[in-house]
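The entries below follow the order in which I checked them.

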Amino acid sequence: MEYKISNRLRMGAIIMMVLGLIGVAYGFIDSHHWNEGNIDQYIKAENSHGSHGDTHATEAHGDEHAEAGHAVAKNDDHHGEEAHGGLTHHEEHALHQIHNRPYAALYVGAFFFFMIALGVLAFYAIQYAAQAGWSPVLFRVMEGITSYVLPGGLIVLAIAFAADSHLFVWLKEGVTEVGHENYDKLVAGKSGWLNKTGFFIRGLIFLGGWSLYRYFSRKFSIAQDNASDNKNFKKNFRISAAFLVFYIYTESMMSWDWIMSVDPHWFSTLFGWYVFASMFVSGITVIAMISIYLKSKGLLEFVNDSHIHDLAKFMFGISIFWTYLWFSQFMLIWYSNIPEEVTYFVTRIEHYKLPFFGMLAMNFIFPLLLLMNSDYKRINWFVIMAGIVILCGHYLDVFNWIMPATVVDRWFIGMPEIGAVLLFGGLFLFIVFTALGKAPLLAKQNPFTEESKHFHY
C-alpha cells in the first residue's frame, strides 16, 4: 500500500499557505496603521460606544488587575495623565494591545497545529509502550502526523523570539530592574526561570528530545518492515517507555513556558495536564480524520469500523477528561477566590464570553451528544463532523489561553487569526501528507500487525 500526495491536495495546501500569508501580512500592516493620530479618536469612540460591551467595566477591570498586580495593566491608571509621545496611559495601553494582536494570532495558529502533532506523538508512544494489538495498522498515519513536530515546534519558538514583549510581558525592558518604570516585583522574583536565555534553551531541549524520539521510532518502525526478528520492535518498545517519562515532564514545563508565562502573575498546578488533554484529544481526532480520508481513497484497507470506533471512543473519553480538568481548575480557583488567581477567569468571562463559553460547548457538550452512542462511532461522516467541532473548540481553547493576556478586550476573529490558521493548516497538510508518501501505509512485520488487521468486536 503506497501513497503519494495528490497534486490537488498539494496545490490546495500551497493556496492555503499563500492566502494565510496574505492574511497575516494584512494583520501586521493594519496594526501598524494605528498611531498617535488615530488612537485618540479610537479611544473617544470607545468611550462613547463601548468596546465589546461596556468600556467602564473594562476600565474598572483594568484597575482590579492593577490591584492584583497584573503585569499588563500595572501602569495603566486611566486618569488621563500624559504618557510617552503625548498619549495618555490609557491610549498608550490600547495602542500596545492593538500592536500585539497579529503576533498573538500568529502564535495561536502556530501552537494549535504544533500541539496536534505533539499529541499524536504521545499517543503513538503509548501504543508501543502498551504493546497495543488494535492500533499497528494506524502507525504510519501517526508517523506522518508526527513529522510536523520539529518544523512546527521551531516555528513556535521563532514566533516567540520575534514577538518578544508583544507576547511575554516578562521580556519587557526594565521589568526586573528596581526603580525602572516597568519594574514588576513578582516577575522579578521569577526571573531565575523566566528569562530569555533559559526560555529558549529549555525550548530547544524539549523540542530536541521529542524530535529525537520521533526520528528513532520512525527509523525502527520502517526497519521492522523487512526484519526477520523483532529486535527493532523491542527497541521501539524501550525508547517509547523512556520517552513517555521524558514527555510528561517536558510537556508540563513547555505549557508553563510557552502558554502560562504570557500571564506571569497567574498560575495553576493543573495547567500542564489541562494543556496535555487539549493536545491529546486534538491529535487523536486528526488521526481519525486522516485515516477516514485515506480509507475513502481506497487505501488503508485493513482499517475497519472497529478501528474508527476505538479512535472515536478516545475522542469521547479524552473530551470528558478535558472537561474534568477544566472544571477542577475553574471550581478550585472560583471557590478559593484569591485575587491573583480569579483575575484569569474574570478577564475571560467579562471580555471573551462567546469564545469562552462557546469553547466549553464545543469541547464537552457536542462530543458528549455526538459520540455517546456506540453506533455513531462507526459512522465515518459522523466522526468527521464531531472531529471538526472538537478541533474548532480546541482552537478556541488556545485562543483563550493567549489572547486575554496580550490584547485584553480588543480581540476579534478576523484576517490575522484566519490567515494564521490557513498558513499553518496548509503547512501542516503539506508536511504530513508528503511524509505519508515516504513509506508503505502498513507496518508489515510488527508482531501485532496480524492481530490489528483482524481487529473486530
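Which residues does Phe 111 touch, if I leave out those up to four places away in sequence? The model is a predicted one, and in it I found that Phe 111 touches Val 156, Met 254, Trp 258, Ile 259, Val 275, Val 398 and Trp 401.

**Entry 1, the core.** I then looked up the largest nonpolar core, which holds 133 residues, and noted that Phe 111, Ile 145, Trp 210, Trp 258 and Trp 401 are the ones that touch the most other members. Helix H4, residues 89–129, gives this core its largest share, with 22 residues.

Among contacts with a separation of 6 or more, 82% are accounted for by residues 24 or more positions apart.

I next checked how helix H1 (residues 7–33) packs with helix H15 (residues 415–436), and found an angle of about 150° with the axes 7 Å apart. Because an angle over 145 degrees counts as roughly antiparallel, H1 is roughly antiparallel to H15. The crossing in which H1 passes H15 is left-handed. From H1 the residues in contact include Leu 9, Arg 10, Ala 13, Gly 20, Gly 23 and Gly 27, and from H15 they include Pro 416, Gly 419, Gly 425, Gly 426, Phe 430 and Phe 433. Sorted by class, this contact has 17 nonpolar, six polar and one charged residues.

On the H6 side I listed Val 149, Leu 150, Gly 153, Leu 154, Leu 157, Ala 160 and Phe 161, and on the H8 side Lys 196, Phe 199, Phe 200, Gly 203, Leu 204, Leu 207, Trp 210 and Ser 211. The residues here divide into 11 nonpolar, three polar and one charged.

Where does Asp 164 sit in the chain? I found Asp 164 in the loop between H6 and helix H7 (185–189), with phi near 55°, a positive value in a residue other than glycine. With a relative accessible area of 23%, Asp 164 is partly exposed. Val 408 also has a positive phi, near 50°, and is likewise not a glycine; I placed Val 408 in the loop between helix H14 (380–406) and H15. Val 408 counts as buried, at 14% relative accessibility.

Is His 351 buried or exposed? I noted that His 351 lies in helix H12 (residues 339–351) and, at 6% relative accessibility, counts as buried. His 351 and Trp 411 are 60 residues apart in sequence, yet from C-alpha to C-alpha they are 8.6 Å apart in space.

Terms used
Residues numbered from 1 in each chain as written. Predicted model: local features only at pLDDT ≥ 70, side-chain atom pairs only at ≥ 80, totals over all residues. Heavy atoms only, no water. Axes fitted to C-alpha atoms, helices over the stretch in contact; angles between N-to-C directions. Helix = DSSP H or I, 4+ residues; strand = E, 2+ residues; numbered from the N terminus. Parallel < 35°, antiparallel > 145°, perpendicular 65-115°, else oblique. Left-handed = near helix turned anticlockwise from the far one by under 90°. Contact = heavy atoms within 4.5 Å. Nonpolar A, V, L, I, M, F, W, Y, C, P; charged D, E, K, R; others polar. Core = buried A, V, L, I, M, F, W, Y, C linked by side-chain atoms within 4.5 Å. Buried < 20%, exposed > 50% of the residue type's maximum accessible area, 1.4 Å probe, protein only.
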